[in-house]
Amino acid sequence: MTLPDEAQSRQWLEQIALGREAALEQFYRHYHGQVFQFARRLVSNDADAAELANETMMEVWRAAARFAGESRVRTWLFGIVNHRAIDLLRRRRRRHEHADELTDVADEAPACNLSDVIGGAQDARHVRDCVQQLPERQKAVVHLAFFEELSYPEVAQVLDVPIGTIKTRVMHAKQRLQHCLASLFAPLRGLA
Amino acid sequence: MNSLIPWYLNGTLSETERAQVESLLRDSPDAESELQLWRAVQQDARTQSISQPGVDFGWQRLRRDLKREQRRGSQQTWRLAAAASVLMIVGLQTAILMRQDSGTRYEPLSGTLAIPANAWRVQVRFAESAAMTDINALLLRLDARVIGGPSALGIYELALPREAAADAQALRARLAAEPLLLQVVVVP
């Protein structure tokens with residue numbers, strides 16, 4: 001399926017703002033996959049991601065008229081997913097006090113050299129395992145950069161944080177990946 | 001400048017930024033290693049696929065929620081109108097009562113309005129092997145909505161319409177017969 005162009009997406013939003021359900025259905029069918037995949041990066045299970053996707057599309061129905069057209073439709077849409085995810089995690093935090101889910105965790109510098117762990121990055125399974133272990137907020141940046149191919153100002157807009165925070169998250173993600181790959185790769189190198 | 005390497009790879013940097021990153025890559029072996037790391041992450045992102053719930057189930061569910069919201073909206077309009085009328089009547093009555101004997105206590109004949117319990121709350125655990133599409137289909141069939149969870153033990157809280165069963169026992173029996181649900185507790 002090819003993605004709709006920006007003009008088509010804006011047309012749908014105009015129609016949705018007029019209360020046309022058929023336009024929402026077209027919008028939903030085109031964006032549902034992307035919304036679910038991004039939601040899945042922000043929460044830890046499929047059921048919550050499906051719930052987030054549903055809430056996001058409800059918000060599109062309510063807020064289409066407020067789309068100001070200053071960003072791409074996709075950026076606006078992912079911003080809604082992000083805000084909904086924050087709400088969900090806040091509700092959870094109140095219930096379970098999982099404060100760590102919402103904070104940017106500064107990592108300790110790993111005791112290994114990046115060039116030493118690049119060998120581990122050649123194994124796709126290692127890379128995937130390590131990306132999976134990133135905190136949700138760092139995973140979201142990686143997803144938006146590499147899966148959705150958004151620019152860094154767009155990523156900052158979606159996640160509603162300053163550009164500097166995005167850069168910090170990238171550095172923290174790199175450190176975590178480095179540390180994780182070292183832990184997976186070093187034992188193998190020892191065996192070689 | 002290192003922090004821009006992911007966007008160097010996805011091709012969204014400006015010309016100036018791109019040139020700066022390329023200069024860094026030429027001068028710094030560490031930056032070159034970092035590029036290789038992010039390239040591996042990019043390749044992984046391009047090849048992976050996340051299983052998604054069916055788009056039709058999702059759309060049906062969204063339509064159901066929209067209709068609910070529209071119903072609630074029209075009810076709220078009526079409620080607002082009714083509340084405005086009640087306020088006006090109360091205001092008039094207060095004005096009349098203030099002119100009467102202040103030692104007499106008046107109470108509405110209707111008493112306190114009861115809030116109807118219009119939904120069952122149920123805690124469930126889904127079978128480990130349950131696919132997302134099957135769970136969605138089950139929720140749609142039951143007209144259920146996830147309102148909480150999962151807990152550390154994987155327990156979700158659902159809301160079901162009151163007409164789903166005559167009583168808690170019947171509801172529990174109905175849900176216990178569903179093979180996808182391993183544990184069912186009707187919250188009193």
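Modeller: The accessible surface of chain A amounts to about 8900 Å², and 48% of it belongs to carbon and sulfur atoms; accessible areas here come from the Shrake-Rupley method with a 1.4 Å probe, and for residues only the protein chains shown count as cover. This is a predicted model, in which local features need pLDDT of at least 70 and side-chain atom pairs count only at pLDDT 80 or more, whereas totals for chains, interfaces and linings use all residues. Residues are numbered from 1 along each chain as its sequence is written, chains are lettered from A and ligands numbered from 1 in the order in which they are written, and side-chain values use heavy atoms, with hydrogens and water left out.

Chain A contains 9 helices and 0 strands, where helices (H or I, at least four residues) and strands (E, at least two) are DSSP runs numbered from the N terminus. Along the sequence its pattern is therefore α-α-α-α-α-α-α-α-α. Of its 192 residues, 52% count as buried; buried means under 20% relative accessible area, exposed over 50%, and partly exposed in between, with a 1.4 Å probe and protein chains only. Among the contacts of chain A between residues at least 6 apart in sequence, 70% join residues at least 24 apart, a contact being heavy atoms within 4.5 Å.

Because 6 of its 8 residues are buried, α8(A) is largely enclosed by the rest of the structure. The buried residues are Y152(A), E154(A), V155(A), A156(A), V158(A) and L159(A). Just after α8(A), D160(A) adopts a positive phi of about 60 degrees. T75(A), a residue of helix α4 of chain A, touches E154(A), Q157(A) and V158(A), residues up to four places away in sequence not being counted. T75(A) is itself buried, at 2% relative accessibility.

R74(A) takes part in a salt bridge with E148(A), at 2.7 Å from N to O; the term denotes a side-chain nitrogen of Lys or Arg within 4 Å of a carboxyl oxygen of Asp or Glu. E148(A) lies in the loop between α7 (136-147) and α8 (152-159) of chain A and R74(A) in helix α4 (residues 73-96), so the pair ties together parts that are 74 residues apart in sequence. Both partners are buried: E148(A) has a relative accessibility of 6%, and R74(A) has a relative accessible area of 13%.

A second salt bridge within chain A links R62(A) and E59(A), whose closest N and O atoms are 3.1 Å apart. These two residues are 3 residues apart in helix α3 (residues 46-63) of chain A, which means that about one helical turn separates them. R62(A) is partly exposed at 39% relative accessibility, while E59(A) is buried at 16% relative accessible area.

Over all chains the structure holds 24 salt bridges, and 5 are found across the interface of chain B and chain A. With R63(B), the closest N and O atoms of the salt bridge are 2.8 Å apart. With K67(B), the side chains of the salt bridge meet at 3.8 Å, N to O. Since E21(A) lies in helix α2 (residues 21-42) of chain A and K67(B) in helix α4 of chain B, this pair joins two chains. E21(A) is partly exposed at 21% relative accessibility, as is K67(B) at 35%. Elsewhere, E51(A) is linked with R61(B), R64(B), D65(B), R68(B), D143(B) and R145(B) in a network of salt bridges.

The interface can also be described as a whole. The size of an interface is often given as the accessible area lost when the parts come together. Chain B and chain A bury about 4700 Å² between them, 62% of it on carbon and sulfur atoms; buried area is the accessible area (1.4 Å probe) that two parts lose on being put together, summed over both. In this interface, 53 residues of chain A are in contact with 49 residues of chain B. There are also 12 residue pairs in polar contact across the interface, both residues being at pLDDT 80 or more. A polar contact is a pair of N or O atoms within 3.5 Å; within protein, one must be able to donate a hydrogen and the other to accept it, and residues adjacent in sequence count only if both atoms are side-chain atoms. On the side of chain B that touches chain A, α1 (5-9), α3 (29-47), α4 (55-98) and β2 (145-148) of chain B each supply at least two residues. The largest share of that side, 13 residues, comes from α3(B).
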